[in-house]
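Subject: Structure for you to look over

Hello,

I am passing on the structure we talked about. Please open it first; my notes on what was found follow below.

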Amino acid sequence: MDHVSHPPALTVALALTAGMLAQILARRLSIPGIVVLLATGVVLGPEGLGLVWPSGLGTALPVLVSFSVAVILFEGALSLDVRRLRKEGRVIRQLVTVGALVTAACGALAARGVMGWSWRNALLFGTLVMVTGPTVITPLLRRIRVVRPVETVLEGEGIFVDAVGAITAVVALEVALRPASEAFSTFLQELALRWGVGLGVGLLAGRLIAWGLKSERAIPEELRNVFSLAMVLGLVQVSGALAPESGVVAVITAGLVVGNAGVPVRRELVTFKEQLTVLLVGMLFVLLAADVRLAQVTALGWRGLVTVGVLMFVARPLAVWVSTRGSKLSWRERGFISWLGPRGIVAAAVASLFATRLENSGLEGGPELRALVFLVIAVTVVLQGLSGGWVAGALGVRRTAPGGYVLLGANGLARLVARALRAAGQNVTLVDMGAEACRHAQEEGFQVLFGDGLDERTLLRAQLEGRAGYVGLTVNEAVNLLFALKVREHDRTARPLVAMHRGHTAVRKEHAGDIGRVLFGEERGLDEWASRSERGRVSLERWVLEAPQLESSSPGVNRMLEETLLPVLLVREGQVRLYDDTVQPLAGDRVDFALDDERADEGRAWLASHGWRPEAFPGQDAARSSPRPSGPRGEGILPPPCDPPASPPSSLS
């Protein structure tokens with residue numbers, strides 16, 4: 001079947017389906033998704049099974065690519081935290097300006113010297129390989145988990161260099177198609193025009209989107225995600241109509257504004273855009289890989305591989321060295337950044353545009369240019385993607401497993417449990433989206449993560465890998481159960497602990513048993529215990545079991561004690577664990593109990609009569625819950641470091 005008889009709708013549908021299945025397969029195999037996507041595109045393309053014919057889309061292909069790239073770059077910019085970017089702002093600015101210029105120069109010289117191309121095509125190739133891109137960098141960083149400074153630099157570079165590279169490349173093409181006498185002045189004018197239009201339109205649109213999402217009346221809640229999507233698609237075309245290819249800058253600018261404007265529905269918006277991005281990235285890579293002829297790639301021969309080698313082993317390290325001089329990055333961190341510079345969807349899309357424009361203008365070299373860019377993408381993605389984890393480990397830039405516990409919730413009860421864990425020498429991270437609860441947890445010296453614990457990005461920031469335990473400890477047992485399910489998606493071997501509410505029939509203890517374990521040994525009155533803890537009415541005491549009396553020694557099964565005594569932590573033969581429904585107390589066990597001060601004597605009497613003996617609590621400062629400050633909110637207290645800023649900063653400096 002040729003492209004004439006192949007329906008365009010079938011090509012798009014197959015690309016979407018194959019792209020999604022390829023990414024699922026890549027996750028199962030624990031390899032970079034782009035590797036599988038490129039292979040899928042080649043296999044399904046005209047030179048493989050002949051199922052996907054991008055050429056059959058005609059002029060619809062550039063439009064499809066434009067819309068998809070807009071959503072991908074908006075999502076990437078939406079997720080950038082400007083406060084983190086500021087810390088590495090100088091390095092990122094250097095990489096996307098001086099570093100990009102070094103890369104372009106090295107690429108042009110390699111194409112000229114090794115490939116023997118004309119200066120025109122060599123310079124065009126140099127501008128095309130300036131970019132890296134979030135479509136390849138972000139998935140790799142999620143797999144490798146490197147230290148924060150390196151992650152921030154690579155994420156920021158991936159987003160911003162796409163704008164710099166795409167506009168520079170397109171302007172370079174415009175100049176290449178004009179008389180040489182007009183080259184320099186045309187280049188500067190067109191560059192300034194596109195940047196000016198992109199920044200202006202993007203800033204205006206970003207503020208408009210943020211206003212619409214913040215307003216309770218302007219946009220109905222159920223339409224806010226599709227509203228933002230429509231605005232992004234319209235934005236890229238309006239900006240492009242005013243100045244060709246300026247839409248890339250516009251969507252990145254708008255994404256930064258919205259992502260850092262404190263939009264209350266940002267979690268749902270990011271999740272929606274992430275899902276769209278996964279779908280569109282898969283489709284685009286399948287289509288663009290299918291559009292490349294393998295014969296053109298293999299015709300490049302050893303010269304093509306040498307050119308790629310120059311970019312990987314000369315251009316990238318040189319660009320990073322020039323850009324990071326005088327920075328606080330260690331040589332190990334610079335080394336990893338030097339190694340990781342794969343090219344992504346923007347390079348592939350602009351290369352396809354170049355090939356078409358050169359061919360339509362009657363100029364030679366378009367297919368070879370696209371083939372060499374495709375070779376750069378394929379080699380850098382495969383080599384750097386597969387070896388990235390090993391290189392990070394060898395250089396010592398992997399983020400170390402934090403250990404300890406992640407607690408969903410920073411309410412009074414959660415902080416009480418956290419104090420017991422801390423007194424036992426355990427590291428604790430509290431996750432909550434309530435600013436007041438986070439503030440109190442920070443006052444007590446806990447590591448706090450401000451965000452929605454059910455959101456994928458918050459879970460990634462919580463660093464779930466290598467933890468000793470995961471605890472759903474809000475007063476809503478359904479949320480606790482959902483948190484346990486999310487944890488199991490990250491680690492199938494994990495057995496999260498879930499706090500369950502007494503008397504609620506919608507979510508019962510049996511539901512938690514299918515996923516993890518029940519905290520405190522039984523269902524409890526969570527809201528009452530949390531309220532008492534907030535008021536400072538609860539204290540922690542350690543008791544040792546000397547003479548066990550079978551099940552009667554376990555407070556977890558005694559319904560009479562549920563409002564008086566709460567078993568929190570078990571220490572058995574030096575091993576620490578939270579008390580759950582699988583615990584059967586043994587002689588010599590030490591258990592930290594939470595007691596309601598108003599009924600503490602009743603609880604102590606029961607313990608003493610059932611074989612328990614009191615013991616000094618380790619760290620008396622942690623033994624009592626702290627009431628909330630009675631002064632004005634936030635008086636003399638710094639806000640949580642993860643609180644969104646009131647307005648988006650205008651630069652990285």
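Strands E8 (residues 565–572) and E9 (residues 575–578) are paired antiparallel through four bridges. Leu-569 has Leu-578 in E9 as its bridge partner. Two residues separate the strands of this hairpin, and Glu-573 in the turn has a positive phi of about 55°. Please keep in mind that all of this comes from a predicted model.

There is also an open sheet of six strands, with parallel pairing and the order E3-E2-E1-E4-E5-E6. Its edges are strand E3 (447–450) and strand E6 (517–518); each has a single partner strand, so one side of each has no neighbour in the sheet. E6 runs parallel to strand E5 (residues 497–498), and two bridges join them. Across this pairing, Leu-497 is opposite Arg-517 in E6.

Helix H18 (residues 412–423) touches strand E1 (405–408) and strand E2 (428–432), and its direction is at about 165° to that of E2. Helix H21 (residues 477–490) touches E1, strand E4 (469–472) and E5, with an angle of about 155° between its direction and that of E4.

Next, the nonpolar cores. The largest has 134 residues, and the members that touch the most others are Phe-125, Phe-160, Val-251, Ile-252, Phe-285 and Phe-336. Helix H8 (residues 148–176) contributes the most to this core, giving 15 residues. Leaving aside residues up to four places away in sequence, the contacts of Phe-336 include Ile-144, Val-150, Leu-154, Val-391 and Leu-395. Another core, of 36 residues, lies apart from the largest one; Val-417, Ala-420, Leu-421 and Leu-473 are among its members.

Helices H3 (residues 60–78) and H11 (residues 247–259) cross at roughly 35°, their axes coming within 7 Å. The crossing is right-handed. On the H3 side the residues in contact are Ala-70, Leu-73, Phe-74, Ala-77 and Leu-78, and those they meet in H11 include Val-251, Ile-252 and Gly-255.

Last is helix H10 (residues 224–242). Its 19 residues reach 27 Å from the first C-alpha to the last, close to the 27 Å expected at 1.5 Å a residue. Buried residues in H10 include Phe-227, Leu-229, Val-232, Leu-235 and Val-236, and also Arg-224.

Regards

Conventions. Residues are numbered from 1 along each chain as its sequence is written. This is a predicted model: local features need pLDDT of at least 70, side-chain atom pairs count only at pLDDT 80 or more; totals for chains, interfaces and linings use all residues. Side-chain values use heavy atoms; hydrogens and water are left out. Two strands pair if DSSP finds at least two bridges between them. Contact means heavy atoms within 4.5 Å. Axes are lines fitted to C-alpha atoms, for helices over the stretch in contact, and angles run from 0 to 180 degrees between N-to-C directions. The expected span of a helix is 1.5 Å times one less than its number of residues. Buried means under 20% relative accessible area, exposed over 50%, partly exposed in between (1.4 Å probe, protein chains only). A nonpolar core is a set of buried Ala, Val, Leu, Ile, Met, Phe, Trp, Tyr and Cys residues joined through side-chain atoms within 4.5 Å. A crossing is left-handed if the near helix is turned anticlockwise from the far one by less than a right angle, and right-handed if clockwise.
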